[in-house]
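Visitor: Could you take me through this structure slowly, setting each term against its cut-off before you use it to conclude anything?

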Amino acid sequence: ATPFNLAWLTANGRAFRPTTGDEGAYKRIRVAVDTTKEVRFVAQDPQAKDFVEILILEDPGIPRGMEVGRSLCLARGPSQPQCAARDVIDLRVYPGQPYSAPLDSAVTSECSRAERVLTYSPLWEDAGKDFKVCLVAKDSADTCDGVADGATERGWYGETHCVIFDIIAPTLQWTAESAAKFGTTVDLFVGCASLLPFAATDASLNVATGQATGNYVVEVDLIGELPDGSTAVSTGGASRALSWRPERGTEGLSYSVCAVAKDTNGVRTLGLRCRGGTFDSQPCGYGRVFDEACGGGVCVAMDCVTVQVVRCRYCAGEGDSLSKVMREYALDMNWLRLWALNGNDNGPGSMVLTNPDLIEEGTGAQHLFVGVTYAAKPGETLVAIAARMRTTVKSILSLNFDVDGMHPLVDGQELCVIPCSNFALE
């Protein structure tokens, strides 16, 4: 900053871009919420006898969260020379006032150089905004009062120097792997321990590097219809996973599991949008406000995955026998039938059994077919299906816990059935 008039600077060929009223000349400073930025302003006068002071302009003022230090004098001597400026009045600018005084940097000065420090800690509700702060430096000389622009009886006011503080808001986004899950259906199997992770990142411009590496700590949480017995576990960093081992009785059930991410300051959320109201489909949850932000609508989770437990397929572990699998899952069937259902390649995740007494080591958890999937026809009843498949209603109900037997079947409703398992008919 300088306390001297623009005309003086340009007339003497100084390499200086004026800042008064020139937005393009203002320095932009990136600051993140929950951090502190200190900015130091220095002004000086070539006249060692002058006193320099740095002032904050009332318009536009300062933002909330900013502290302004006092304008402090920086004493100078031979070991602290000022910049190599010349105090020269050009006759073309101020006719009739020939004056030239080369700078004597060896002269001791009490206050011809001054500094003022701004300390800024942005508030979370100001994230995404920018604030302009303007300063002006003045000296104590009244010699040019009424002659030069900026000169007054209180001193000579120089350029207005402004800076713009950009308050960086979090830019939350799901990882590509997580985003690909939303809107899909994920199949889980009885007896298989499953982990369904979701991860998010902050891609805002880092205040130190300017790269999209973020400034904020991100947290992920799971909401919605979490299955009984499941847990939401941390998997490191901004990641959370649904951990669940479905048990018998969950076959055919489905759940909507939703992921929500937020920065730890509560500035932004990810995965929540307004449904209805003035701001329908707009993001919500900013600033720890949810339904109130939707203008009469509700703030709902939008990034969800349907988790369903597949019928007719159970997990078996290494070293298990078919008899052990039958006991563990309480299957009402002969182990020979279980072996017959798994004697061929039935697609990804299935196994081909070659030894009914030992599931091969090294195969990991595998899926055993315990029956076939049957789609009910219009008006068909459990009794009719049992007769057609040569099984019993009891057997069908034991494999389809979501069917109560009291209500009509829906056209196309899937059932797990073990054909030819009614031994009384054999």
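**Strands and their partners**

Visitor: Which residue of β21 stands opposite Cys-274?

Guide: Cys-274 has Cys-299 in β21 opposite it. Please keep in mind that this is a predicted model, in which local features need pLDDT of at least 70 and side-chain atom pairs count only at pLDDT 80 or more, while totals for chains, interfaces and linings use all residues. Residues are numbered from 1 along each chain as its sequence is written, and side-chain values use heavy atoms, with hydrogens and water left out.

Visitor: Which residues make up the covered face of β20, and which the uncovered one?

Guide: Leu-272 and Cys-274 form the covered face, whereas Arg-273 and Arg-275 form the uncovered one. In a regular strand the side chains alternate between the two faces of the sheet.

Visitor: How do you know that β18 and β19 pair?

Guide: Two bridges join β18 to β19 (residues 269–270), and since the rule asks for at least two, they count as a pair. Ala-261 stands opposite Leu-270 in β19, and the two strands form a hairpin with five residues between them, where Gly-266 in the turn has a positive phi of about 70 degrees. β18 also pairs in the antiparallel sense with β15 (residues 218–224) over seven bridges, with Ala-261 as the bridge partner of Val-220, and with β22 (residues 304–316) over five bridges, where Val-257 has Val-305 as its partner.

Visitor: What makes β18 mostly covered?

Guide: Seven of the 10 residues in β18 (residues 254–263) are buried, a term that means under 20% relative accessible area, with exposed meaning over 50% and partly exposed lying in between (1.4 Å probe, protein chains only).

**Charged side chains**

Visitor: What parts does the salt bridge of Glu-125 and Arg-64 tie together?

Guide: The side chains of Glu-125 and Arg-64 meet at 3.8 Å, N to O. Glu-125 lies in the loop between β8 (113–120) and β9 (130–138) and Arg-64 in the loop between β3 (53–56) and β4 (66–68), so the pair connects parts that are 61 residues apart in sequence. Glu-125 is partly exposed at 33%, as is Arg-64 at 47%.

Visitor: Which residues are linked in a network of salt bridges?

Guide: The network links Arg-64, Glu-125, Asp-126 and Lys-129. Asp-126 and Lys-129 form a salt bridge with their closest N and O atoms 3.4 Å apart; Asp-126 is buried at 1%, while Lys-129 is partly exposed at 41%.

Visitor: Why does Lys-181 have no salt bridge?

Guide: Lys and Arg count as positive and Asp and Glu as negative, with His and the chain ends not counted. The nearest side chain of opposite charge to the buried Lys-181 is Glu-177, 4.2 Å away, so the pair is not within 4 Å and no salt bridge is assigned. Lys-181 is placed in the loop between α2 (176–179) and β13 (185–190).

How values were computed
Helices (H or I, at least four residues) and strands (E, at least two) are DSSP runs, numbered from the N terminus.
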